Amino acid sequence: MILGGLGTARGNRCDCLALADGRVQLNLSGGPSLHAPLQLSPGTWSALGATYDGRIARLYVDGRQVAMRRATAAAAPAQITLAPLGAGPHFGGSVAHWRIQGRALSAETLQQLAAAKPHAGLIEFHRVGAGWPLQRRSWRGLQHPQPAWTLPKSRAPLGRWRQPPEAASRRTYPQAEPVRRQPALRHTRPGHWVLERWRLEPAPKVPVGGAVLSQNTYST
């Protein structure tokens, strides 16, 4: 089962890392494969690495070189393959910190990368599709917020903010204009009045008479 590599995977014909009966192997499209003599333990994290400098291919497990041989590989297309479907048995595990470098890393660098193991509890895997962890949308964090205990925390002591006195003196606030209410009745000319404020209600629903309604103290 193919873990990942370069080019389109067709069977085991790809420049890729794969698992065969629990053992890691490096497949080269233009040459033979490299096989690790040891078998990976299920349920544990393993750091896998492979390098090819144009002459020698090397295979690493947990920062230790487990296989090497002289090989000739064909040019790989600029395409990344990660646990492809339809290329044999599908890998059902989890892959974290997958990297492809443009140069062959040294053994010392691979040892350092293997020693800096990721914290499994801080990796968020969302299984979708064929059981693969995948971030389907850029706003995935709005659906699955990051746990609060994994957020970065500052070591700076908390301080008390104080406003400079000169800033308070320069601050201006908008002033609310007073509400100017028009009188209920506005005299326009002799014998004519304009009713400014009024309420309309069917007469059968009005519980009081005109003498009460005309009072200023009556609340509509």
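Q: Is L6 buried, partly exposed or exposed?
A: Buried means under 20% relative accessible area, exposed means over 50%, and partly exposed lies in between (1.4 Å probe, protein chains only). L6 has a relative accessible area of 30%, so L6 is partly exposed. This is a predicted model, where local features need pLDDT of at least 70 and side-chain atom pairs count only at pLDDT 80 or more, while totals for chains, interfaces and linings use all residues. Residues are numbered from 1 along each chain as its sequence is written, and side-chain values use heavy atoms, without hydrogens and water.

Q: In which strand does L6 lie?
A: Strands (E, at least two residues) and helices (H or I, at least four) are DSSP runs, numbered from the N terminus. L6 lies in strand β1, residues 2-10. The chain has 12 strands and 4 helices.

Q: How does T188 compare with these classes?
A: T188 is partly exposed, because its relative accessibility is 41%. This residue is found in strand β11, residues 185-189.

Q: Which residues is T188 in contact with, leaving aside neighbours within four places in sequence?
A: Contact means heavy atoms within 4.5 Å. With those neighbours left aside, T188 is in contact with W193 and V194.

Q: What share of contacts joins residues at least 24 apart?
A: Among contacts in the chain between residues at least 6 apart in sequence, the share is 43%.

Q: What percentage of the chain is buried residues?
A: Of the 220 residues in the chain, 20% are buried.
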